[in-house]
Amino acid sequence: MFLGLLSVLYGSWGVCFTYGTWFGVKGLVAAGNNFNNCSSIRKACDFLLSKQLPSGGWGESYLSCQNKED
């Protein structure tokens, strides 16, 4: 559960929130979880979709983690 909680609520393991969330989801999937049986994956999808720009991009910079904002 720690993996899911950290990846969804904070999500900044890598360079930024988007990559951190992606890596967290990959770990959850590797552990046998999927969208249908894991609320953390569903929350991660909701998080990513809420951050996506109308252009389809994500708009994060390398300062996202330092500033804890996207």
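I looked up the largest nonpolar core and found five residues in it: V25, L28, C38, I41 and A44. Helix 2 (17-30) and helix 3 each supply at least two residues of this core. I note that the model is predicted.

**Helix 3**

Next I checked the length of helix 3, residues 39-51. At 1.5 Å a residue, its 13 residues should span 18 Å. I find its end C-alpha atoms 18 Å apart, which agrees.

Which residues of helix 3 are buried? I list S40, I41, A44, F47 and L48. Looking down the axis of helix 3, I see its buried residues fall within an arc of 120°, so they line one face of the helix. The face turned away from that buried side carries the exposed residues D46, L49 and S50. Two of the buried residues, I41 and A44, are also in the core.

**Cysteines**

How many disulfides does the structure hold? I count zero. C38 is in no disulfide, and its nearest cysteine sulfur, that of C45, is 9.7 Å away. A disulfide needs the two sulfur atoms within 2.5 Å. At 9.7 Å, the sulfur of C45 is too far from that of C38 for a bond.

Is C38 buried or exposed? With 8% relative accessibility, C38 counts as buried. The cut-off for buried is under 20%.

**Aromatic rings**

I then searched for aromatic pairs and the count came to two. The rings of Y19 and W22 have their centres 6.2 Å apart and their planes at 50°, so I call the pair tilted. Y19 and W22 both lie in helix 2, three residues apart, about one turn of the helix. W22 also pairs with F23, and this pair is stacked, with 4.7 Å centre to centre and 25° between the planes. Together, ring pairs link Y19, W22 and F23 into a cluster.

How accessible are these residues? Y19 is partly exposed at 42% relative accessibility. W22 is partly exposed too, with a relative accessible area of 43%. F23 has 39% relative accessibility and counts as partly exposed.

**A glycine in a loop**

Where is G57? I found G57 in the loop between helix 3 and helix 4 (64-67). At 25% relative accessibility, G57 counts as partly exposed. Leaving aside its neighbours within four places in sequence, G57 is in contact with K51 and Q52.

Methods. Residues numbered from 1 in each chain as written. Predicted model: local features only at pLDDT ≥ 70, side-chain atom pairs only at ≥ 80, totals over all residues. Heavy atoms only, no water. Helix = DSSP H or I, 4+ residues; strand = E, 2+ residues; numbered from the N terminus. Expected span 1.5 Å × (residues − 1). Buried < 20%, exposed > 50% of the residue type's maximum accessible area, 1.4 Å probe, protein only. Arc of directions from axis to C-beta. Core = buried A, V, L, I, M, F, W, Y, C linked by side-chain atoms within 4.5 Å. Contact = heavy atoms within 4.5 Å. Phe/Tyr/Trp six-rings, centres within 6.5 Å; stacked < 30°, edge-to-face > 60°.
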